[in-house]
Amino acid sequence: MVKLDRIYTRGGDKGLTSLVDGSRVPKHALRVAAYGEVDELNATIGLLRLETTDLATVDAMLGRIQNDLFDLGADLATPDGIDGALRIVEAQVTRLEGEIDAMNAAIPPLRSFILPGGSRAAAFAHLTRTVARRAERAISALGEVEPINMAALRYVNRLSDHLFVLARHLNDDGAADVLWVPGANR
């Protein structure tokens, strides 16, 4: 279990931070950037949850996702080859897919791209989706130079899809979606 009795340690005052294995790396290292993006993603989900507190099923999904994102952060903060490391597993990806399918069943197919918005909750879901895409790019960049858990990359990819479908769900199952009209302002 985690025990934090002192928040500041001064250990990062020279621009380095520790990974789970104890190694010290620059705070701008790709691995640190990747789990930093995941941390921001988790924070935006916290904001989204403030907009969905009256929707118990949605709030429960988002709560599970927030916990998964701490798992993902731990996964990314642990270099490859560490025995017993906490890693994202396929079951977490599969759970997201099941939730996407359940929400999407009631939503009509898209006939146009949609603009972020509609309802306040949907707008927050779209913002969170864009942060998920940025986290995905950071994880992908890390994977180009160091080994990563590919389930972690699949998880964040699926999460951005989940958040897109959730936004449509929060927009009265697509009825309040704001459709893009190509060239409308020419």
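Colleague: Where is Asn-171 found?

Modeller: Asn-171 is found in the loop between H5 and S4; helices (H or I, at least four residues) and strands (E, at least two) are DSSP runs, numbered from the N terminus. This is a predicted model, in which local features need pLDDT of at least 70 and side-chain atom pairs count only at pLDDT 80 or more, while totals for chains, interfaces and linings use all residues. Residues are numbered from 1 along each chain as its sequence is written, and side-chain values use heavy atoms, with hydrogens and water left out.

Colleague: Is Asn-171 buried or exposed?

Modeller: Buried means under 20% relative accessible area, exposed over 50%, and partly exposed in between (1.4 Å probe, protein chains only). With a relative accessible area of 1%, Asn-171 is buried.

Colleague: Which residues does Asn-171 touch?

Modeller: Contact means heavy atoms within 4.5 Å. Not counting residues up to four places away in sequence, Asn-171 touches Gly-117, Gly-118, Ser-119, Ala-122, Ala-176 and Asp-177.

Colleague: Happy with that! How should I read an aromatic pair?

Modeller: A pair of aromatic rings is described by the distance of the centres and the angle of the planes. Rings of Phe, Tyr and Trp (its six-membered ring) pair if their centres lie within 6.5 Å; planes under 30 degrees apart count as stacked, over 60 as edge-to-face and the rest as tilted. The structure holds 1 aromatic pair. The ring centres of Phe-113 and Trp-180 are 5.8 Å apart and the planes are at 50°, so the pair is tilted. It links distant parts of the chain, 67 residues apart: Phe-113 is in the loop between helix H3 (90-104) and strand S3 (114-115), and Trp-180 in the segment after strand S4 (178-179). Phe-113 is exposed at 61% relative accessible area, whereas Trp-180 is partly exposed at 39%.

Colleague: And how many salt bridges does the structure hold?

Modeller: Side chains of opposite charge can pair when their charged atoms come close. A salt bridge is a side-chain nitrogen of Lys or Arg within 4 Å of a carboxyl oxygen of Asp or Glu. The structure holds 14 salt bridges. One of them joins Arg-87 and Asp-75, with the closest N and O atoms 3.0 Å apart. Arg-87 lies in the loop between H2 and H3 and Asp-75 in helix H2, so the pair ties together parts 12 residues apart in sequence. Arg-87 is partly exposed at 23%, while Asp-75 is buried at 2%.
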